Amino acid sequence: MLGKENEPSSQKKFDWKKDWKQDATPKKLERQKESKIVRRIVFSIVASVVVVLAIVAFIGYNYVQSALKPLDAKSTEQIQIEVPMGSSTKLIAKLLEEEKIIKDATVFSYYVKTNNTGEFQSGYYQLSPAMSLDEIIKELQAGGTAEPYEVSGKILVKEGDTVDQIADTIAEHTDFTKEEFLALMTNEAFLQQMSGRYTHLLESAMTAEGVRYRLEGYLFPATYDYDEEKTTLEDLVASMLQKTDEILSKDNFYSEIEAQGKTTQEVLAIASLVEKEGVTPEDRAKIASAFYNRIEQGMPLQSDISILYALGVHKELVTYDDLEIDSPYNLYQHTGVGPGPFGNPGEEAIRATLHPADTNYIYFVADIKTKIVYFAETYEEHLILKDKYVDNPE
C-alpha cells in the first residue's frame, strides 16, 4: 500500500474531461471554421443558381413577348406561302418561321393552342412580317386562294403623298388612268362600302365637312403588289385602307386617339403636316408639340404645307399672295387643323403626333441647306433664326 507521501499531488491530478476538452478545442474550432466556409460556398452556389435562373427566366420572358409581336412592324413586304392540305399547326408555324413571317414557330404554336383558335385552311396566302399573330391567324382561318397570286408589278405609295400624287403613280404603273382613280375617290357608293368595312377607321372621315377627298390621309404609304389581270382599283384602295387600319390597331393608336379626346381625322391631319415639316423622329415630336401649343393658344398653325395643298401645286417657296387663297385648308387664315389630312402620313409621323415632345415651342424653321429644324418659344427668337437660316443663309 502506498503512503500519503507517494500519492499524486492535487496539482498533478489528471482530469481527463478537462484535458480532453482543452486538447479538442483547436480541432473543434477548425471544424467550425471549415463548416462556415462550406456553408458560404453552398450559399454562394445556391445564390448564383437563383440569379442565373432569374436571368434565364427574364430573357425567356422577353423573348416570348417579342415573338408575340410582329417580326418587323415597319415592313411593307408581302410574302406568298402555300399551306398544303392537312398541314398541322406545327408544320404551318415552321413554314411561317422559315419564310421570316414570324419570329418563333414554337411560340406561335403555343399561342394558337392556348387561345383555342379554329382550324387553319389550306391554300396560297399573302402574309407580311408586319402582321400580328392574331392577324396571321385570322388570315389562315379565312382560307387562301386555290392558285398562286401572280404579281406583275408593284406600286409604291411614299410618305406624305397626296391622293393626286398616288393617282399619278397608279396611272404610271398600271393600266388605270388618273381620272379613273380620282373618280373612285369621290364615288359615294364605294366610300360607303369602305366605311362599312373599316368603320372605326373612317367614322370621322365620313362626317368631315369641306374635305377634298374623304380618303386623303388614309391610304397608307407602303409597297403594294399589283396583278394586271386580277387587281382592281377597288382592291388597291382597299389594301391601302387595310394597311392603315392595321397600323392604327397594332400599337393601340386607336385607344390613344380616344383617350386624348381626338378623332382619327384630326390626328391624321396633324400627322400629315408633321410628316412633311420634319424628318427625324425627334424633330417630328417637337413639331407636333409646337402645333398643339399653337392650337392651345388659339393661334393658326401657319403651315406652308396647308397652302400648297389648298393651291393644289408643288412649289419651293410660298408667296404672300399665296397666303390669301380662299380655302378651308388655308391654315394661315383659319385656326384648327383644317377639314382633314393634307397627305398620307407614315407611322413615325402618326406616333409623333400622338406622343409629342413636352416643350413650350411655338415657332420652328428649317435650314434650307441642311434641313435641320430650329425651334423658338418667342416670335423675336423665331425672326433671328429665320434671318439666319432662311433669308440669309451662309
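Helices (H or I, at least four residues) and strands (E, at least two) are DSSP runs, numbered from the N terminus. The model described here is predicted.

**The largest pocket**

The largest pocket holds about 1900 Å³ of space. Its lining has 46 residues. Glu277, Asp304, Ile305, Glu316 and Val318 lie nearest the centre. Several elements each supply at least two lining residues, among them helix 5 (163-173), helix 11 (264-277) and strand 5 (363-366). Helix 15 gives the largest share, six residues. By type, the lining divides into 23 nonpolar, nine polar and 14 charged residues.

**Aromatic pairs**

The whole structure contains ten aromatic pairs. Two of them are set out here.

| Pair | Centre to centre | Angle between planes | Type |
|---|---|---|---|
| Tyrosine 309 and phenylalanine 342 | 5.8 Å | 85 degrees | edge-to-face |
| Phenylalanine 364 and phenylalanine 375 | 6.1 Å | 45 degrees | tilted |

Why is the pair of tyrosine 309 and phenylalanine 342 edge-to-face? Planes over 60 degrees apart count as edge-to-face, and these planes stand at 85 degrees. Tyrosine 309 is in helix 13, while phenylalanine 342 is in the loop between helix 13 and helix 14 (347-354).

Buried means under 20% relative accessible area. Tyrosine 309, at 6%, therefore counts as buried. Phenylalanine 342 is buried too, at 1%.

**A charge over rings**

The charged end of arginine 212 sits over the ring of tyrosine 309, 4.3 Å from its centre. Arginine 212 also lies over the face of tyrosine 329, at 5.7 Å from the ring centre.

Key:
Residues are numbered from 1 along each chain as its sequence is written. This is a predicted model: local features need pLDDT of at least 70, side-chain atom pairs count only at pLDDT 80 or more; totals for chains, interfaces and linings use all residues. Side-chain values use heavy atoms; hydrogens and water are left out. On a 1 Å grid over the protein atoms alone, a cavity is a set of points where a 1.4 Å probe fits but cannot get out, and a pocket is an open set with protein on both sides within 12 Å along at least five of seven lines; lining residues have an atom within 4 Å of a point. Grid points are joined across faces, edges and corners, and a volume is the space filled by probe spheres set on the points. Ala, Val, Leu, Ile, Met, Phe, Trp, Tyr, Cys and Pro count as nonpolar, Asp, Glu, Lys and Arg as charged, and the others, Gly among them, as polar. Rings of Phe, Tyr and Trp (its six-membered ring) pair if their centres lie within 6.5 Å; planes under 30 degrees apart count as stacked, over 60 as edge-to-face and the rest as tilted. Buried means under 20% relative accessible area, exposed over 50%, partly exposed in between (1.4 Å probe, protein chains only). A charge sits over a ring if NZ of Lys or CZ of Arg is within 6 Å of the ring centre and within 35 degrees of the ring normal.
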